[in-house]
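I opened my notebook for a first walk through this structure. Here is what I looked up, entry by entry.

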Amino acid sequence: MMISFETQPDRRLLTDALRRTMRRSLRLFTLCGFILLLPAAVALLGDDPVLAVGWLVGAVVFWILPALVVRGAVQASWKTYGLPIAWQFSDEGVRMDSALMESLIRWAALESVEPVPGQLLLKINRQQVVPVAIGALAVADRDALADLLRARNLLPGGARLTA
């Protein structure tokens, strides 16, 4: 069985995919920001407002970091994903073909596939994910793709692919 389709570049989908992939690390930045509020409160209660402001600035920096990290990751990935990409899901694996590169991800390389609205995240490991936009696929093609991924034990049984 072979399923072939082409995707157009979509910066918003790429941003969503990278944010989803890095969500654990991004949550740590946010948590660190909240942790920095504790010494800020202690400094404020200790009547040292200058030190408290320093801790608050540190907290704000940690809260801003997730957006900057995602933005940088999107910019770094846009060279690869900012072009039309032809996808081919077959018995061999997942083939990706664009004006810049051609690659094949064999099924054995994939740990799982996470369906998110409008795309699939092909997980190679915790930090390596290949986003595939599926919004333009017909419902029958999405169902066939879901069946193919379930047959490879990459997609949970009840998971649905949504546009």
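This is a predicted model: local features need pLDDT of at least 70, side-chain atom pairs count only at pLDDT 80 or more; totals for chains, interfaces and linings use all residues.

Which residue's side chain does a polar contact of 2.5 Å join to that of arginine 20? I looked it up: glutamate 114 is the partner.

**Entry: glutamate 114**

Glutamate 114 sits in strand 5, which covers residues 112-116. Buried or exposed, I wondered, for glutamate 114? Its relative accessibility is 12%, and the cut-off for buried is under 20%, so glutamate 114 counts as buried. I found another polar contact too, of 2.9 Å, between the side chains of glutamate 114 and lysine 123. Then I listed what glutamate 114 touches, skipping residues up to four places away in sequence: Arg20, Arg23, Gln119, Leu120, Leu121 and Lys123.

Next I followed the chain onward from strand 5. Strand 5 and strand 6 make a hairpin with two residues between them, and they pair in the antiparallel sense over five bridges. In the turn I noted glycine 118, with a positive phi of about 85°. Valine 116 stands opposite glutamine 119 of strand 6.

Another hairpin, through five residues, takes strand 6 to strand 7. That pairing is antiparallel as well, over five bridges, and leucine 122 stands opposite valine 130 in strand 7. How many of the five residues of strand 6 are buried? Four are, so strand 6 is largely enclosed by the rest of the structure.

**Entry: helix 1**

I moved to helix 1 and began at its N-terminal end. Aspartate 10 caps that end, with a side-chain oxygen 3.0 Å from the backbone nitrogen of arginine 12. The buried residues of helix 1 are Leu13, Leu14, Thr15, Ala17, Leu18 and Thr21. What covers them? I wrote down helix 2 (23-35), helix 4, strand 6 and strand 7 among the covering elements.

I then traced an open sheet of four strands, in the order 1-2-3-4 with antiparallel pairing. Its edge strands, strand 1 (3-7) and strand 4 (102-106), each pair on one side only. The twist averages 15° from one strand to the next. Strand 1 pairs with strand 2 (residues 85-89) in the antiparallel sense, over five bridges. One bridge I checked links threonine 7 to isoleucine 85 in strand 2. Helix 5 (residues 139-151) packs on this sheet and touches strand 1 and strand 2. I noted that the direction of helix 5 makes about 120° with that of strand 1.

**Entry: the core**

Which residues have the most contacts inside the largest nonpolar core? They are Phe5, Trp87, Phe89 and Leu145, in a core of 34 residues. Among the elements giving two or more residues to this core, I found strand 1, helix 1, strand 3 (93-97) and strand 6. Helix 5 provides the largest share, five residues. I also looked around phenylalanine 5: leaving aside neighbours within four places in sequence, its contacts include Ile85, Trp87, Phe89, Val132, Leu137 and Leu145.

**Entry: glycine 54**

Last, I looked up a residue in helix 4 (residues 49-81), namely glycine 54. Glycine 54 has a relative accessible area of 42%, so I logged it as partly exposed.

Notes:
Residues are numbered from 1 along each chain as its sequence is written. Side-chain values use heavy atoms; hydrogens and water are left out. Two strands pair if DSSP finds at least two bridges between them. Axes are lines fitted to C-alpha atoms, for helices over the stretch in contact, and angles run from 0 to 180 degrees between N-to-C directions. Contact means heavy atoms within 4.5 Å. Buried means under 20% relative accessible area, exposed over 50%, partly exposed in between (1.4 Å probe, protein chains only). A polar contact is a pair of N or O atoms within 3.5 Å; within protein, one must be able to donate a hydrogen and the other to accept it, and residues adjacent in sequence count only if both atoms are side-chain atoms. A nonpolar core is a set of buried Ala, Val, Leu, Ile, Met, Phe, Trp, Tyr and Cys residues joined through side-chain atoms within 4.5 Å.
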